[in-house]
Amino acid sequence: MKNVLLIGVGLIGGSIALTIKKEHEAVIFGYDVVNKNCETAVSLGVIDKIAAEWKKHALKADLILIATPVEETLRIMDTLDSLSPAIKALVMDVGSTKHTIMQKAEKLSKNGIAFIGGHPMAGSHKTGVESAKVHLFENAFYMLTPVSNTPESRLNEAKEWLKGTKAKLLTVKPEDHDFLTGIVSHFPHLIASSLVRLAKFHSEDHPLVQQLAAGGFRDITRIASSSPKMWSDIVSQNKTHLLSLLHEWKNEMDTVITFVENGSQDELYDYFNGAKEFRDGLPVRSKGAIQPFSDLYVDILDKVGTLSQVTMILADAKISIINISILEVREGLNGVLRISFQSEEERDLAQQLLQKEDYLTHITL
Ligand SMILES: NC(=O)c1ccc[n+]([C@@H]2O[C@H](COP(=O)([O-])OP(=O)(O)OC[C@H]3O[C@@H](n4cnc5c(N)ncnc54)[C@H](O)[C@@H]3O)[C@@H](O)[C@H]2O)c1
Ligand SMILES: O=C(O)C(=O)C[C@]1(C(=O)O)C=C[C@@H](O)C=C1
C-alpha cells in the first residue's frame, strides 16, 4: 500500500486524488490551510485521512502532490526542501505556470528531491473539492515538465501515478509551457475579466446591461468567475509573456479602431472571417478538455413547486446534479434554471425527460 500526500485539497487536487484511488492501492492523506476542505474531502471519499501534521507525512510519502495556487506552491517547495531527513517521495505539482516553479525544482533536485512539474489543461471556473470529479482530465492534454537531469524511471513513475486521469501526457520545456499557456489560457483570462469590468462600469448607469448580458457575453466571460487568488498568482508568475501579449493586443485594437473608423466593409469582413476560419478549425471539443461540466438551461414559469418538480424528474431517473442556480435573464419568466451535470450524456437524458414534461430547455443560454 502506497502513501500519497495531497497538499491543497481543492478542485484539481481532489480530482487527481480520485483518479489515483481508482488506479492504485494507496492511502491518500490530505492537507489544506482550510481544514474544513479536508473534512469535506473525507466525507466525499476524495481523501482517506487528514494530515494535520503534513511535514511528518511528507517524510513517509511515496508521492507528494502539490495542488495549491502557484505562489503557495513555491513556498511549499521551500518547506519541503528544508525538511530533515530529506524526503524520498516523488514530488509533483499541478500549477498553471511552470517556469518559476521549475527553476525552484532545479534547486530541489540538487538536494536530491525528485520533482516533476505537471499541468492538466482542463479545469473549471468552479473551485473547491466539492466540484472534484474523476473524469475531469479525460482526453485533455496534461503537460509534464521534468527537471533537466530527471531519470527516465522517475518520469515513468509520474506517468504511472497519472494513468487514471486518462489524459494525453506530453513533456514540454517550462519556458515553452508558459509562452503557450500565456496565449491560450492566461491572456484570455485577462480579457474576459476586462470585458466583465467594462460591463459592470456601464451597468451603474444602465441597469439593463445586466439583464441583457446573455448568450455571447456569458460564453466569452465564463472564466471570469474563476478564483481571483489562483489567477493573480498565475499572472505574477507569467508576467513577461503576458506583458508582451498585452502590448500586442493594444496594437491589434488600434488596427480594429482604424477598421471601424474607416467603415470599410471589406476590412471588417476579412477581420471576422480570419478569426472564424481559425476558430472553426480548432480541434473538436473533447470531454474534459474544454467543457468540464455540461450545463442545461430550463425556463421556469411563475408556478409554485416548479423547482422541486424539475429536481424530482431528474432524481427519479437517478441523474445527479452537480450544481443548480437560478438566473434572472428573461422577461416574462420567473427565471432560467442552470443545471450542471457530470457528462453530456446525463445532460441529454435530462433534457429529453424535461421536454417530455413540457419544459423549455436549452443547451446554451
Ligand atoms: N481550476 C483550473 O481550471 C485549473 C486547471 C489546471 C491547473 N490549475 C492549477 O491547480 C492549482 C489548484 O487550483 P484549483 O482550481 O484546484 O483551486 P482550488 O481553490 O479549488 O484549490 C486550491 C486549494 O489549495 C488550498 N491552499 C491554498 N494555499 C494553501 C497552502 N499554503 N497550503 C495548503 N493548502 C493551500 C486552498 O485552501 C484550496 O482548497 C492552481 O495552481 C491552479 O493554477 C487549475
Ligand atoms: O475551463 C476553465 O474554466 C478553465 O479556465 C480551464 C483552464 C484553461 O484556461 O483552459 C484554466 C487554467 C488552467 O491552468 C487550465 C485550464
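I take two strands as paired if DSSP finds at least two bridges between them. With that rule in hand I went through this structure, which is a predicted model.

**Entry 1: the open sheet**

I applied the rule to E9 and E11, which pair in the antiparallel sense over seven bridges. Within that pairing I looked up Leu296 and found that its bridge partner in E11 is Ile339. Next I checked E10 and E11, which are also antiparallel and share six bridges. Here Leu327 stands opposite Val336 of E11. I noted Thr361 of E12 as the bridge partner of Val298.

Put together, the four strands make an open sheet with the order E10-E11-E9-E12 and antiparallel pairing. Which strands stand at the edges? They are E10 (321–327) and E12 (361–362); each has a single partner strand, so one side of each is left without a neighbour in the sheet.

**Entry 2: helices on the sheet**

**Entry 3: ligand 1**

I moved on to ligand 1 and listed what surrounds it. The shell holds 29 residues, and the closest are Gly8, Gly10, Ile12, Ser96 and Gly123. Elements giving two or more residues to the shell are helix H1 (11–23), helix H4 (70–82), strand E6 (114–120) and helix H10 (228–237). H1 gives the most, three residues. By type I sorted the shell into 14 nonpolar, 13 polar and two charged residues.

**Entry 4: the whole chain**

I ended with the chain as a whole. I counted 14 helices and 12 strands. The radius of gyration is 23 Å, close to the 21 Å that the globule rule gives for 365 residues, so the chain is as compact as a globular protein of that length. I also noted the span of the C-alpha trace along its principal axes, about 65 × 55 × 35 Å.

Definitions and conventions. Residues numbered from 1 in each chain as written. Chains lettered and ligands numbered in written order. Predicted model: local features only at pLDDT ≥ 70, side-chain atom pairs only at ≥ 80, totals over all residues. Near = placed C-beta within 6 Å. Nonpolar A, V, L, I, M, F, W, Y, C, P; charged D, E, K, R; others polar. Rg over C-alpha atoms; globule rule 2.2 N^0.38 Å.
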